[in-house]
2 protein chains.
Amino acid sequence: MYEQLRAHIEKIVELTDSEFLFVSEHFVAKKFKKHQFLIQEGEQVKYHYFIISGLLKLVYTDDTGKQHIVSFAMEDWWESDFYAFYMQTTATMSLECLEDTEVLCLSLDGYKALCDGLQKMERFFLEKANFGFLGAQRRIISWLTSNAKERYEQLLKQYPALIQRVPKSQLAAYLGVSRETLSRLSP
Amino acid sequence: MYEQLRAHIEKIVELTDSEFLFVSEHFVAKKFKKHQFLIQEGEQVKYHYFIISGLLKLVYTDDTGKQHIVSFAMEDWWESDFYAFYMQTTATMSLECLEDTEVLCLSLDGYKALCDGLQKMERFFLEKANFGFLGAQRRIISWLTSNAKERYEQLLKQYPALIQRVPKSQLAAYLGVSRETLSRLSP
């Protein structure tokens, strides 16, 4: 699984073997079963997660108890309650497995040590952060400009592999529509 | 105005005088009048802008010609059509002055030279990118969980100074509601 991390990083910056050894020493591997939580609302967020295999949902629960899916994450994606991770506060979201999932865990100390110890890794995280921002901005534009049907079609086009794996009820919670509305939209 | 840039950067990383001289050499100062465009849809995006004074709107125009405000930007904020800037493609959004505006302009070559030449600046941009992502994520959560009235109240609470300066018609285009709906929401 460390080779998968290396291939992922090397899409942005090339690493020597000794550099990658330094990088890999900052990660811890963990496995979770479907329905297990990596992050629970109200608890400390220890890690930023690089996903080796599986599927996760990042969920925000509103005051009425309704669940909203902020994002999905699968192979080669990074996920966390990033605000709570980065600011070292307690989680306002939960991160739950929709499938059995394997991850590599990076602590905030580890994140900082990688940035301090190897400028290439700071470059890597800068690229990731910029693309994370752009992805979120694209979703905002999608909300501003599109109705539920169009948002569904955009998602289908952008992440066809994801749509196959995510239960319809979860897709509805991501798109901000009811399960019934989604049924009318999807073939 | 360069002192304002320095104070802004030094909230995150401290710079020596010679380091700041190196940084400042990569910026060009420009002034724009209210209603002028810094970025026009379809054109090349040369710069990422640090705003010294004034107020701007980043606008996405949909297929029907309707304008949606993706973000506002004022003193000490950075703004651009960042995807087009970063990927060196043509703009899909426009950036227009709502007030007379002074900016410091950074080209992509300048951005890369700062990251390559001074690791502190890569750290600075990483922090900015992470907070940019978190701000966008917060807005997504706001869309998922709140109605227009709640989104208006959140905005009022988060950016009271901004709300004073932005015309109501523009606020409506940011919140994704009609001017009439906004009138009912605001006191």
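Asn130(A) is found in helix α5 (residues 119–145) of chain A, where helices (H or I, at least four residues) and strands (E, at least two) are DSSP runs numbered from the N terminus. The model is predicted, so local features need pLDDT of at least 70 and side-chain atom pairs count only at pLDDT 80 or more, whereas totals for chains, interfaces and linings use all residues. Residues are numbered from 1 along each chain as its sequence is written, chains are lettered from A and ligands numbered from 1 in the order in which they are written, and side-chain values use heavy atoms, with hydrogens and water left out.

Asn130(A) has a relative accessible area of 4% and is therefore buried; buried means under 20% relative accessible area, exposed over 50% and partly exposed in between, with a 1.4 Å probe and protein chains only. Its side chain makes a polar contact with the side chain of Tyr111(B), at 3.0 Å. A polar contact is a pair of N or O atoms within 3.5 Å; within protein, one must be able to donate a hydrogen and the other to accept it, and residues adjacent in sequence count only if both atoms are side-chain atoms. With neighbours within four places in sequence left aside, Asn130(A) is in contact (heavy atoms within 4.5 Å) with Phe82(B), Tyr86(B), Tyr111(B) and Ala129(B).

Phe82(B) is placed in helix α3 (residues 82–87) of chain B and, at 6% relative accessibility, counts as buried. With the same exclusion of neighbours within four places in sequence, the contacts of Phe82(B) are Asn130(A), Phe133(A), Leu134(A), His48(B) and Tyr111(B). Phe82(B) and Tyr47(B) are 35 residues apart in sequence, and their C-alpha atoms are 8.9 Å apart in space.

A search of the whole structure gives 31 aromatic pairs over all chains. Rings of Phe, Tyr and Trp (its six-membered ring) pair if their centres lie within 6.5 Å; planes under 30 degrees apart count as stacked, over 60 as edge-to-face and the rest as tilted. For Phe82(A) and Phe133(B), the ring centres are 6.3 Å apart and the planes stand at 75°, so this pair is edge-to-face. The pair joins two chains, because Phe82(A) lies in helix α3 (residues 82–87) of chain A and Phe133(B) in helix α5 (residues 119–145) of chain B. Both Phe82(A) and Phe133(B) are buried.

Arg139(A) lies over the face of Tyr174(A), 3.8 Å from the ring centre, and Arg151(A) lies over the face of Trp143(A), 3.9 Å from the ring centre. The criterion is that NZ of Lys or CZ of Arg is within 6 Å of the ring centre and within 35 degrees of the ring normal.

UniProt lists residues 30–115 of chain A as "domain: Cyclic nucleotide-binding" in an unreviewed entry; its positions are given in the numbering used here, feature names are shortened, and annotations may be inferred rather than shown by experiment. This span is 16% helix and 48% strand, and its end C-alpha atoms lie 23 Å apart.

In chain A, 4 strands form an open antiparallel sheet in the order β1-β8-β3-β6, two strands being paired if DSSP finds at least two bridges between them. The edge strands, each pairing on one side only, are β1 (27–32) and β6 (78–79). Strand β1(A) is joined by 6 bridges to strand β8 (residues 101–107) of chain A, and the two run antiparallel. Within this pairing, Val28(A) stands opposite Cys105(A).

Strand β7 (residues 94–97) of chain A has Ser94(A) and Glu96(A) pointing one way and Leu95(A) and Cys97(A) the other way, and all are buried. Strand β2 (residues 37–39) of chain A runs antiparallel to β7(A) and is joined to it by 2 bridges; Phe37(A) has Glu96(A) as its bridge partner. Strand β4 (residues 55–61) of chain A pairs with β7(A) in the antiparallel sense over 4 bridges, with Leu58(A) opposite Leu95(A).

Most residues other than glycine have a negative phi. Asp76(A), in the loop between β5 (67–74) and β6 of chain A, has a positive phi near 75° and counts as partly exposed at 26% relative accessibility. Gln88(B), in the loop between α3 and β7 (94–97) of chain B, has a positive phi near 55° and is partly exposed at 42% relative accessibility.
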